[in-house]
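Biologist: Thanks for sitting down with me over this one. Could you take me through the model, and let me ask as we go?

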Amino acid sequence: MGSVKNLGWLCITLAGLFSPAFAVTDADRIAVYKEFRTQFDAKHYAAAQPLAERLVKLTEEQFGPDELQLTNPLTNLATIHYKLGNYPAAIENYQRTLRILQAKSTLADKAQIRPLHGLGISFMGANDPESAVVALKRAADLSRNTDGLFNIGQVEFIDALIDAYAATGRYTEAEKESQYAMRVEEAAYGRNSVKLLDRFDKLARWYESERRYTTERSVYERSLAVLAKNGPDNDLRKVGPLRGIARSFRLETFYGIEGTDTGNSFNAGNSGAPVFSDGTQNRRGESALTNALDIVQSNTPVDQNLRAQVLTDLGDWYLTSNASRRAFDSYAEAWKAFAQAGDTRPLQVPRILAYRPSISSVDRSQLDPAEAQLKAVELHFTVDRDGRVDDMSSPTTDVPEAIVKNSMASMKRSRYAPRIDNGAAVPTNNVVFVERVLIKATQAPSAPSDSGAEKPAEGSTDSHPAEPGSKPGDSKPAESKPAESKPDSKPDPQADSVPPPAVR
């Protein structure tokens, strides 16, 4: 009998040796989740990361490494990595989430939407727009299939998808999705709702990036019509559309009227992007800005930062109209207004107003990027007080001379707004502009050039103009800005995940 008792004691002891000392409970995970969510909502993402990692580990210990309960904690961790700019880690965790959902869940379609959205914009952050298109298109399709063709929740997927399409040069698809987003919001809010204002602005700026200035203005006019029905005469929300209308007229002068072939022309001479003559467009553009200024100044207290922005636009307008004295007066007033607002940095550097990439640019080159080498042309020059480019040189030696000279010739025809120092326009030395260049793999850097005139060259560039007067392919997509979250009513890490990053 004693031996039997001893054997029983031994079995119990061995069982204890092979069982967890402390089994994970729901309470353990909820406590970590609450702390994680506190840090996340406070935007302390670095502090939230170890908590998110801890929550994943606890969930794995409680349920296993491939169970559905793990998907929300993994999505949260991926979102933290995205917020911190660690895109490879974000991609890895979003993909792991999707693998679990695809293998385990009977409701996998709907549950995949959030991680697909996060995966897509993480690919965008990692400069892989092709993969982003696949993920974001899937997210949008799943949203439409599960929640209806015009559900408002899909809008943030559409915005991200538009950026991805544009980054891959699929402008037709990007425009289609832009128009679809407008229809979705119209269906949700009504055609005359002020809730459409943000969508109007996004759509108008899309048309601007495509140099479709007439269509752009029609969208801004619709914004003004909605505001006329829903707000006072001095509604500050009118300022944005009015500035957009004026900007479209100014850019149209340089890049051409919508519907015309401007592929081989740019309204610029060798001495810099020229001015435009007085006319209907000139008057309409200027009046839009003066109306915007009147609206700003009729509100009490005056928003000096917004007033400064409109005055800066007026200065840019007058500068490109050859009304230099009026331009400098507007810049001086803008400086004072920015100073009152506490920040004059917007005027402390030259700002590019009009630039058309050279014949070697990405959107004009005939080279296949997959069969070319990526290089960079670095340009150094002076921007004088009138915004014209002078004293140009290039330290670049690993790019064919013809391509460098083409880039230089194109930059000489650009137009800048000058740097403003203490209210006065001043020249700026050693301004640096970089064009990324694709050249043939077999092309030698010493390729000869007969002249500095623009001519076909064996390369292409990717420029980064500060003014939205170029096609989306001319510059990198804007960095995605994640949407902020709100506290959950149920602090259960399996009940909800933090909102995925959203493009705004």
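Predicted model: local features only at pLDDT ≥ 70, side-chain atom pairs only at ≥ 80, totals over all residues.

Biologist: Good to know. How many helices and strands does the chain have?

Modeller: The chain runs to 504 residues, and 50% of them count as buried. Its accessible surface comes to about 23700 Å², with 51% of that belonging to carbon and sulfur atoms. As for the elements, the chain has 17 helices and eight strands.

Biologist: Among contacts with a separation of 6 or more, what share comes from residues 24 or more positions apart?

Modeller: That share is counted over the contacts in the chain with a separation of 6 or more. Residues 24 or more positions apart account for 71%.

Biologist: Let's look at helix packing. Are helix 2 and helix 3 roughly parallel or antiparallel to each other?

Modeller: Helix 2 covers residues 26-41 and helix 3 covers residues 45-63; their axes come within 8 Å and cross at roughly 160°. Angles over 145 degrees count as roughly antiparallel. The pair is therefore roughly antiparallel.

Biologist: Now helix 8 and helix 9. Is their crossing left-handed or right-handed?

Modeller: The axes of helix 8 (residues 129-147) and helix 9 (residues 155-167) come within 9 Å and cross at roughly 150°. That makes the two roughly antiparallel. The crossing of helix 8 with helix 9 is left-handed.

Biologist: How many nonpolar residues does the contact of helix 8 with helix 9 have?

Modeller: Helix 8 brings, among others, Val133, Leu136, Ala140 and Arg144, while helix 9 brings residues including Phe157, Ile158, Leu161 and Tyr165. The contact has one polar and two charged residues, and the nonpolar ones number 13.

Biologist: On to single residues. Is histidine 81 buried or exposed?

Modeller: Histidine 81 sits in helix 4, residues 71-83. Leaving out residues up to four places away in sequence, histidine 81 touches Gln49, Asn86, Ala89, Ala90 and Asn93. Its relative accessible area is 7%, and the cut-off is under 20%. Histidine 81 is therefore buried.

Biologist: What is the relative accessible area of serine 414?

Modeller: Serine 414 lies in the loop between helix 17 (401-412) and strand 4 (415-417). Its C-alpha atom is separated by 9.0 Å from that of glycine 387, 27 residues apart along the chain. Serine 414 is buried, and its relative accessible area is 0%.

Biologist: Last one: how does glutamate 378 count in terms of accessibility?

Modeller: Glutamate 378 belongs to strand 2, residues 372-383. Beyond its neighbours within four places in sequence, glutamate 378 is in contact with Ser393, Ser394, Pro395, Thr396, Val432, Phe433 and Val434. The C-alpha atoms of glutamate 378 and threonine 396 are separated by 5.9 Å, though the two are 18 residues apart along the chain. With a relative accessibility of 30%, glutamate 378 counts as partly exposed.

Methods:
Residues numbered from 1 in each chain as written. Heavy atoms only, no water. Axes fitted to C-alpha atoms, helices over the stretch in contact; angles between N-to-C directions. Helix = DSSP H or I, 4+ residues; strand = E, 2+ residues; numbered from the N terminus. Parallel < 35°, antiparallel > 145°, perpendicular 65-115°, else oblique. Buried < 20%, exposed > 50% of the residue type's maximum accessible area, 1.4 Å probe, protein only. Contact = heavy atoms within 4.5 Å. Areas by Shrake-Rupley, 256 points an atom, 1.4 Å probe, with all protein chains shown as cover. Left-handed = near helix turned anticlockwise from the far one by under 90°. Nonpolar A, V, L, I, M, F, W, Y, C, P; charged D, E, K, R; others polar.
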